[in-house]
Amino acid sequence: MVPFKSGMVVVGANFCGRNTEIVKLKAHIERCSRVCLVGERRIGKTSLVHETVRRLRGRVLIFVDLLGVKSSGDVVRRMVEGVFVSAPRSMLTRLAKSFVALRPVVGIDPLTNAPTLGLSPGVKPPPETLEEALDYMSRQKGAVVFFDEFQTLLDLPVSEQEDLVARMRSRIQMHAETPYVFAGSLRAEMDRIFFDHASPFYKAAVRFELGPLDRSAFGSFLRKSFADGRRSIADPLLVRIFDLCHDVPGDVQRLCQCLWDESRMGTKLEEPMLATALHRLFSDEERAYTILLEYVTGQQLKCLRALGEMGGGASLSGQLLALTGVAANSSVQRALNSLVKKRILFRQGKLYRFCDPFFGEWIRLKRL
Ligand SMILES: Nc1ncnc2c1ncn2[C@@H]1O[C@H](COP(=O)(O)OP(=O)(O)OP(=O)(O)O)[C@@H](O)[C@H]1O
Ligand SMILES: [Mg+2]
C-alpha cells in the first residue's frame with residue numbers, strides 16, 4: 001500500500017505534527033468561539049479541524065462542505081447532510097426517527113359510520129429554512145460546526161448572498177453553546193466576509209492562520225513512511241521537495257507518492273529521482289496544464305516563466321522584471337494581477353506564487 005496520502009483528509013496515524021495548532025484550536029472549541037481558519041490550498045485546514053475534534057472527548061464534528069453550492073437551498077441541504085454524515089452509526093437511527101412524527105388521522109368507522117381519530121407515523125420534513133438548519137445543527141449533542149470553503153458563499157448571486165450571510169450571522173450569534181469554525185483558502189474573500197466592516201460577519205470570528213508543517217517533524221514523518229515501505233530518502237532530495245513545494249504538505253505528499261510509484265523496495269532515493277517523479281506527475285497533469293495555458297496571454301506567460309525561474313514565487317522586483325523581458329513595470333503588475341484573478345497565482349503580502357507549484361515547474365522545464 002502506498003504510504004503517502006494526498007488529495008484527502010488525513011487523521012490519526014496519517015496526520016503529522018501540528019501539536020501547537022491543535023492545542024490552540026481545542027481551546028477555541030472549548031470556549032465555543034467562532035474561528036476563521038485561513039491558509040493556502042492544500043496546507044491542511046480540513047485535516048486540522050477533523051483531527052482536533054477527533055481528539056476531543058464528547059465532541060462531534062458537523063462538517064459542512066460548501067464547495068460548489070449554487071443556491072441558499074444547497075446550503076441548507078449541505079447542513080442537514082452534514083449532521084447525518086457526521087453522526088456516529090449508533091445515532092443514525094435516532095436521527096432518522098427524528099423526522100418521523102405522529103400524525104393525526106381522521107376517518108369513518110365502516111360499521112357505525114361514526115368519525116374516528118387515530119395516530120399514525122408521518123414524515124416530518126427535515127429542516128427547510130436556513131434558520132431551522134442552523135438550529136438543527138446546534139441542537140446536536142457536543143456539536144462543533146465546521147463550514148469548509150466558506151468563501152464559496154460569495155459566489156452566490158449577490159441578492160441571495162447578502163440575505164444568506166446576514167441571516168446566518170444573526171442566527172449563529174444565538175448559539176452561544178456551539179463552537180463554529182469557518183475555513184477558506186481564498187484570503188481576500190475570507191477577509192471580505194470577516195474583516196470588512198460592511199459585512200454582517202465583521203469581527204464575528206477570531207482569525208486563525210495556518211502555515212506549513214514544521215519541516216523537521218514532517219521530514220521525520222515522511223522518512224518513516226518511506227521506511228515502512230522499505231525505501232529510504234536522502235536528505236538533499238527531501239530538501240529539494242520541500243523547496244519546490246514551498247512546504248505545502250499536500251504537494252509534498254503528492255510528489256512523495258510519485259517517487260514511491262517510481263521506485264522499488266530496498267532503494268535509496270537520491271536527487272536525480274526528482275526528475276523521474278516530476279515526469280510521472282506531469283504525465284497525469286499535462287492535459288490540464290495545456291488547457292490552462294489557453295487562458296493565458298503572451299505577456300502573462302512571460303510572467304509565469306519568470307516566476308518559474310525564480311523558484312515559483314517572487315515579489316515584483318527588478319530581477320523579476322528583467323526575467324520577464326517586459327519593459328514596463330505596470331504591464332507586469334497588470335499581468336500578475338490578472339493571473340491572480342484567474343487563480344493561477346495567489347498573492348501573499350508582496351509575494352506572487354503559483355497555486356500549483358508543479359505548473360510553474362512544468363512551464364520552466366518545458367521552456368515555454
Ligand atoms: N498534518 C498533516 N500531516 C500529513 N499530511 C498532511 C497534513 N495536513 C495536510 N496534509 C496533506 O495535505 C493534503 C491536503 O490536506 P487538507 O485537505 O486538509 O488541506 P486543505 O488546506 O483543507 O486543502 P484545500 O484548500 O484543498 O481544501 C492531505 O491530503 C495530505 O496529503
Ligand atoms: Mg480543505
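What is the strand order of the open sheet of five strands, and how do its strands pair? I looked this up before anything else.

**Entry: ground rules**

I am working from a predicted model, in which local features need pLDDT of at least 70 and side-chain atom pairs count only at pLDDT 80 or more, while totals for chains, interfaces and linings use all residues. Residues are numbered from 1 along each chain as its sequence is written, and chains are lettered from A and ligands numbered from 1 in the order in which they are written.

**Entry: the five-stranded sheet**

I read the order as β2-β5-β6-β1-β7, with parallel pairing. At the edges I find β2 and β7 (206–209), each with a single partner strand, so one side of each has no neighbour in the sheet. The twist averages 20° from one strand to the next; the axes behind such angles are lines fitted to C-alpha atoms, for helices over the stretch in contact, and the angles run from 0 to 180 degrees between N-to-C directions. I use the DSSP runs for elements: helices are H or I with at least four residues, strands are E with at least two, and both are numbered from the N terminus. Two strands count as paired if DSSP finds at least two bridges between them.

**Entry: strand β5**

I then took β5 (residues 143–148) by itself. Is β5 largely enclosed or open, and why? Six of its six residues are buried, so the strand is largely enclosed by the rest of the structure. For burial I count other C-beta atoms, placed from the backbone, within 10 Å of a residue's own: 20 or more is buried, 12 or fewer is exposed, and anything in between is partly exposed.

In a regular strand the side chains alternate between the two faces of the sheet. In β5, I see Ala 143, Val 145 and Phe 147 pointing one way and Val 144, Phe 146 and Asp 148 the other, and all are buried.

I checked the partners of β5 next. Strand β2 (residues 60–65) pairs with β5 in the parallel sense over six bridges, and Leu 61 stands opposite Val 144. Between β5 and strand β6 (residues 180–184) I find three bridges, also in the parallel sense; Phe 146 has Val 181 as its bridge partner in β6. With helix α6 (residues 158–172), β5 and β6 make a right-handed β-α-β unit. Right-handed here means that, with the strands pointing away from the viewer, the path from the first strand over the helix to the second runs clockwise.

Arg 207 in β7 is the bridge partner of Cys 36.

**Entry: ligand 1**

Which residues come nearest to ligand 1? I note Gly 44, Thr 46, Ser 47, Gly 250 and Gln 253, out of 23 residues around it; a residue counts as near if its C-beta atom, placed from the backbone, lies within 6 Å. The elements giving two or more residues to this shell are α2 (45–54) and α10 (249–261). Domain 1 (18–89 + 130–209) and domain 2 (215–290) each supply at least three residues to the shell.

The protein is divided into domain 1, domain 2 and domain 3 (295–366), with bounds from an automatic or database domain assignment. The centres of domain 1 and domain 3, taken over C-alpha atoms, are separated by 33 Å.

I also looked up an open sheet of three strands, ordered β10-β12-β11 with antiparallel pairing. Its edge strands are β10 (313–315) and β11 (345–348), each pairing on one side only. Neighbouring strands of this sheet are turned by 25° against each other on average, direction ignored. Four bridges join β11 to strand β12 (residues 351–354), and Gln 348 stands opposite Leu 351 in β12.

**Entry: positive phi**

Most residues other than glycine have a negative phi. I noted Arg 230, with a positive phi of about 55°, in the loop between α8 (215–228) and β8 (232–233). Arg 230 is exposed, with 11 other C-beta atoms within 10 Å. Asp 247 has a positive phi near 65° and is found in the loop between α9 (235–244) and α10. With 17 C-beta neighbours inside 10 Å, Asp 247 counts as partly exposed.

**Entry: totals**

I record 15 helices and twelve strands. Of the 368 residues, 33% count as buried.
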